[in-house]
Every structure is written in structure tokens, then in C-alpha cells.
Amino acid sequence: MQAVIRRLFTGAGLGRMSTGEYQANLNGLNMFFGAVLGFVLAGTEKLNAWQFGVLLMTLASIVITVLYISSSRQKLVYSLMAVVYAATLPEMMDFMLRGQGMVPDKVRPTLLVWIAMTVMVEFWARDKEAAAKPG
């Protein structure tokens, strides 16, 4: 059964990723979700300049953690950190900024889907050449 599934994936082009495919996946994900994240931040007009700055600093830290998933030897650690940060972001920001609903509703799912897609690409089987070069 496993051999049949492997043949189906390979026949559909879903076998090991080449270096180019790996880089294309990461570049595409990062550009797409960077744009989506900018779009979902449209709900931050209610924040004052200081609150918006704290939110940007926190989001930048989460984005850097997501990028570390594909650039670090500690991929699993950064994957778990990114999930925890993204999952708790709204509550963390409400606590830090002493408010309610400080983060737009769609930020959490945007970050979590970005992380899930990055983890899937990172842990997908790759050619040895691609697996040897993180980032």
C-alpha cells in the first residue's frame, strides 16, 4: 500500500522537491503571506501610534521566527515557538496593551496557516542537495 501511494505521489510530481522547488515554495509563501498580513492589519486604525508600534514589533518577531523554521538547524523548536506565538498573539497583545480586541481577528489564522505551510514545505522530502542547504 505504501509503495502504491509513493508511486501516485511521484507520478503526480509530488515526490522529493528539487532545490529550485524548495526555494520557490519558500519565496512564494513568504511573499504571499507578507502581503496577506499587510492586508489583515487594516483593522489597526483604532490603535494609537505606540500600540501600533508594539504590535508591529511583536509581529516582526513572529515573522522572523517563521523564517527561522527554514533557516535554522533547530527547525522543530522554531516551528513550535512560532505556533505558540501566533496562537497566543491576540491575548498577549491585549494583556501587553491593556485592551480588548487589539489585534484584528484574521491575524491569528493568517500566521497559523503561514506556519503550517512553511512546516509542510520544510519537512517535505527533498533532494539531498536541497536538504543540505537550509534557507
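Mentor: Let's start with Met117, which sits in helix α5, residues 107–123 (helices are DSSP runs of H or I, at least four residues, numbered from the N terminus). Keep in mind that this is a predicted model, where local features need pLDDT of at least 70, side-chain atom pairs count only at pLDDT 80 or more, and totals for chains, interfaces and linings use all residues. Residues are numbered from 1 along each chain as its sequence is written, and side-chain values use heavy atoms, with hydrogens and water left out.

Met117 counts as partly exposed because its relative accessibility is 32% (buried is under 20% relative accessible area, exposed over 50%, partly exposed in between, with a 1.4 Å probe and protein chains only). Together with Val113, Met120 and Trp124, Met117 makes a nonpolar surface patch of about 330 Å². For such a patch, residues need over 30% relative accessible area and no salt bridge (a Lys or Arg side-chain nitrogen within 4 Å of an Asp or Glu carboxyl oxygen); like charges are joined within 9 Å, and nonpolar side chains (Val, Leu, Ile, Met, Phe, Trp, Tyr) within 5 Å.

Now for the buried residues: in α5 these are Val107, Thr110, Leu111, Trp114, Ile115, Thr118, Val121 and Glu122. They lie on the same side of α5, because they cover an arc of only 130 degrees around the axis (taken from the directions from the helix axis to the C-beta atoms). Cover for the buried residues of α5 includes α2 (19–40), α3 (49–69) and α4 (75–97).

Terms used: Areas by Shrake-Rupley, 256 points an atom, 1.4 Å probe, with all protein chains shown as cover. Helix = DSSP H or I, 4+ residues; strand = E, 2+ residues; numbered from the N terminus. Contact = heavy atoms within 4.5 Å.
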